[in-house]
Amino acid sequence: MDLLSHGTAIAGIEMKLEVVVLPTSDVERAKQFYTTLGWRLDIDYDGSDGYRVIQFTPPGSGCSVIFGRSLTTALPGSVKGLHLVVSDIQAASHDLRRRGIAVGAPFHDPGGIFHHASTTKLEIGPNPQRKSYAPYASFSDPDGNEWILQEITTRLTGHIEESDKSFTPELTALVRPAEAAASTIDGIDVRPME
């Protein structure tokens with residue numbers, strides 16, 4: 001039986017996103033931008049053959065970004081939709097603006113699950129009820145690589161109590177059936193006994 005297809009991980013094996021490679025056209029300009037964001041500079045390696053690797057890590061993140069020369073064949077600015085989770089989108093946006101970063105107006109998707117790529121499906125302003133996972137704002141680096149701020153105040157764990165109103169009704173309606181399906185394999189209830 002393939003347990004992975006039922007959402008069960010193999011014991012002892014973790015998979016953590018470690019690095020995202022950003023295609024940039026001007027390494028020094030990108031380095032200055034990510035320094036301005038206040039991110040930690042981890043590596044600045046300049047090889048003798050023109051190879052260069054610069055790594056930054058956002059505050060509190062387990063994942064870093066790297067850019068440089070001879071790292072990727074992707075076009076500068078082609079990375080879109082990188083999400084930075086924040087606990088307060090208004091405070092995070094204010095901090096970025098204070099640093100001179102142009103941050104777009106907060107937005108939300110009335111569909112309540114995620115956000116559409118097309119801006120015609122989005123509404124300006126935070127989610128009216130300020131539900132967790134629902135408010136967004138965006139900014140871009142000098143090459144056009146796009147970052148999305150996403151406000152998460154309550155972490156989704158795969159289970160939502162009946163009384164929990166932290167999430168949009170649309171997200172709640174998707175999680176509860178998925179949780180029920182994940183708790184059975186071939187019709188057998190595999191939830192831990194209480």
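On a 1 Å grid over the protein atoms alone, a pocket is an open set of points with protein on both sides within 12 Å along at least five of seven lines, a cavity is a set where a 1.4 Å probe fits but cannot get out, and lining residues have an atom within 4 Å of a point. The model is predicted, with local features needing pLDDT of at least 70 and side-chain atom pairs counting only at pLDDT 80 or more, whereas totals for chains, interfaces and linings use all residues. Residues are numbered from 1 along each chain as its sequence is written, and side-chain values use heavy atoms, with hydrogens and water left out.

**Exercise 1.** Describe the largest pocket and its lining.

Begin with the volume, the space filled by probe spheres set on grid points that are joined across faces, edges and corners; for the largest pocket this is about 530 Å³. Next, take the lining of 24 residues, of which W39, P58, P59, L84 and V85 lie nearest the centre of the pocket. Finally, assign elements (DSSP runs, with strands E of at least two residues and helices H or I of at least four, numbered from the N terminus): β5 gives the most to this lining, with 5 residues.

**Exercise 2.** Identify the residues that line the largest cavity.

The structure holds 1 cavity of 30 Å³ or more, and the volume of the largest cavity is about 40 Å³. Its lining consists of H108, D109, G112, I113, F114, N127, Y133, A134 and Y136.
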